[in-house]
Amino acid sequence: MHLKPVPDPEASALAAQEPSIAELERYATILRINCVRMLAVAKSGHLDSSLSAADIVAALYYRELRHDPTKPDWPQRDRFVLCKGHAAPIQYAALAEHGYFPRQDLMGLRKIGSHLQGHPDMNRTPGVEVSTGSLGQGLSMCVGICLALRLDGLQDTAQVFGLLSDGDCQEGETWEGAAAAAHFEVPNLTAIVDYNHLQTDGTTEEVQDTGDVRAKFEAFGWDSIEIDGHDMEAIVEALQRSRTLRKPAALVCQTKKGRGVSFMEDRFGFHGKPPSQEQAEEALEELEAKLAEQDEALAAGGGGE
Amino acid sequence: MAEAKTDPIATRHAYGDALVALGEAHEDVVALDADLAVSTQSIKFGKKFPDRFFNCGAAEAGMMSMACGLAATGKVPYASSFAVFASGRSYDQVRLGIAHNELKVRIGASHGGVSLGEDGASHQMIEDIALMRAMPKMQVIVPADYNQAYRAVVDSYERIEEPLYMRFGRPSTPIVYGEIPETLGDGVDVLREGKDISFFACGHMVWRALEAAETLASEDGVEAEVLNVAVVKPLATEAVIDSLAKTGVGVTAEEHRVTGGLADAIREAAAEQHPVPVFALGMNDEFGISGTGEACMEHFGLTAAGIVDRAREALLLKPIVSHPPIHGSGASGSGAPPAR
């Protein structure tokens with residue numbers, strides 16, 4: 001396959017740093033802690049769906065995305081679309097940590113007067129490219145963004161990353177988008193599937209088996225690979241590789257819903273349910289212990305790749 | 001500017017012609033279609049600007065979300081299909097991706113109503129005006145003829161920043177506007193003045209309303225006022241109320257369900273600002289049927305004769321005592337409460 005050169009547009013201040021794998025893992029823990037805190041205060045939202053995507057989102061925002069929080073509409077920026085809009089807390093945490101808005105805004109999640117809606121809203125929250133929340137629409141929106149970038153001569157510059165859920169893959173429209181991306185030969189689209197196998201009514205296998213999602217994307221004409229969605233090194237490598245391809249790329253990430261919080265991890269029954277006070281405390285205790293451990297390892301010089 | 005048409009021609013041709021003019025004038029205009037580009041006439045744009053034209057195949061939901069992505073990245077997408085797919089099939093995509101985001105997307109919905117004929121109920125969209133009128137932030141335009149449709153499409157680029165739904169028809173229909181109008185204005189034009197009864201019509205029913213007014217004048221000595229309501233939302237209520245205040249009774253005519261469409265837009269305004277009887281002619285609680293376009297219109301009574309019959313019934317029930325109108329805030333969005 002022909003590879004395209006990785007472009008080097010005018011780098012933003014953040015792009016100058018390149019965190020190591022260990023540092024990215026630590027950032028993922030920070031995002032998870034933010035999510036637990038937000039949900040504990042909001043008493044509403046999708047915590048486990050946010051946690052399963054934490055490693056992917058950390059890899060994107062801290063390393064792979066070329067973005068500039070001081071210029072959210074920088075035309076050359078990479079685009080991130082949270083197709084699985086219900087995982088909004090994880091994106092909000094990443095945006096706040098990068099200074100798109102003050103960290104304290106996170107505590108307003110889902111409350112009247114806050115700009116942090118239950119699902120991402122492009123007209124309210126800086127850094128949100130397009131509003132999502134109705135499963136299935138995101139991938140086609142990404143294709144539209146890619147086509148606009150093509151017309152602006154930016155298709156070899158700006159990559160568009162869409163993060164989908166297994167629910168997205170049950171929606172027919174996702175496959176309309178997959179077909180369109182292949183038909184219009186968009187080279188700058190990366191679809192990341194957070195395949196955590198759990199949905200509102202049960203496991204995806206019980207509810208409506210999504211099957212071999214990797215093979216499905218491949219059959220639609222995409223480059224398609226499957227990775228462990230909690231293996232930071234694999235995530236980073238796959239994201240970087242996708243940018244070099246001359247066709248749309250699918251990364252099917254096998255993940256665990258609720259990842260990082262033992263009582264929730266890979267367990268059915270937490271979708272769309274906020275943690276109780278006790279659950280939140282237990283989750284924070286575990287995640288903060290993890291963070292301390294990661295801090296210690298990094299201080300000891302374990303941060304190199 | 002294109003030349004005004006004089007012979008009968010379908011409003012969808014105005015969409016295609018005006019789209020080309022927009023493409024020439026504005027580099028950010030892009031067009032999308034869903035395998036109906038010849039029917040909707042977006043093919044004309046596609047031939048002229050192949051790089052800016054995206055045929056999405058029979059995938060209307062995906063098309064609307066792609067339009068959202070294009071608009072979010074600075075383009076002005078015109079997305080077209082049959083009205084049934086452009087509204088019903090892709091309602092959720094239009095709702096969240098386009099209307100909720102208040103994106104500058106224009107939807108070209110062709111083959112509205114039963115006059116598309118032979119394809120029958122599956123394709124005859126008779127509730128799209130209601131759907132799109134109910135959708136927050138969406139404006140709804142139903143032009144009366146080619147010349148007005150051309151103006152509506154050309155003006156749509158700059159008319160508003162919010163999304164627009166424009167409904168066009170399949171069959172050739174008579175010309176109502178002798179010239180391409182200078183402007184779409186507030187969307188309500190008095191085409192014929194009268195003192196006895198107000199006709200509010202849109203789309204294919206406008207020329208029929210003019211014909212009905214002619215019949216009433218010659219056979220009954222009744223002077224009907226004919227208003228073309230091309231912009232159904234936001235409704236220019238002042239023009240509507242002024243007419244009702246003058247005549248005291250109204251009849252609406254649309255190629256659409258009598259629920260939620262033009263009839264209800266007029267009745268909402270009347271009920272709040274000048275409660276007089278307003279009778280509706282349109283599709284009742286029924287789906288369309290196969291036949292030629294004209295036969296379908298006749299089957300459902302959507303004809304000049306149908307308007308005359310409805311007017312004669314209405315005139316019998318016209319209140320004898322009139323009262324002054326309670327003028328609201330003028331051209332408020334339909335459904336908005338009157339100013340207090």
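Two strands pair if DSSP finds at least two bridges between them. Strands are DSSP runs of E, at least two residues long, and helices are runs of H or I, at least four residues long; both are numbered from the N terminus. On that basis, β3 (residues 76–82) and β4 of chain B pair in the parallel sense over 5 bridges.

This is a predicted model: local features need pLDDT of at least 70, side-chain atom pairs count only at pLDDT 80 or more, and totals for chains, interfaces and linings use all residues. Residues are numbered from 1 along each chain as its sequence is written, while chains are lettered from A and ligands numbered from 1 in the order in which they are written.

**Strand β4 of chain B: pairing**
- Y78(B) has R106(B) in β4(B) as its bridge partner.
- β4(B) also pairs with β6(B) (residues 164–167), in the parallel sense, over 4 bridges.
- Here G108(B) stands opposite M166(B) of β6(B).

**Strand β4 of chain B: burial**
- A residue is buried if 20 or more other C-beta atoms, placed from the backbone, lie within 10 Å of its own.
- In β4(B) (residues 106–110), 5 of the 5 residues are buried, so the strand is largely enclosed by the rest of the structure.
- Both faces are covered: R106(B), G108(B) and S110(B) are buried on one side, I107(B) and A109(B) on the other.

**Contact between chains A and B**
- Residues are in contact if their C-beta atoms, placed from the backbone, lie within 7 Å.
- Chain A gives 24 residues to the contact and chain B gives 24 residues.
- On the chain A side, α5 (138–151) and α7 (172–183) each supply at least two residues.
- α5(A) contributes the largest share of that side, 10 residues.

Methods:
A residue is buried if 20 or more other C-beta atoms lie within 10 Å of its own, exposed if 12 or fewer, and partly exposed in between; C-beta atoms are placed from the backbone. Two residues are in contact if their C-beta atoms, placed from the backbone, lie within 7 Å.
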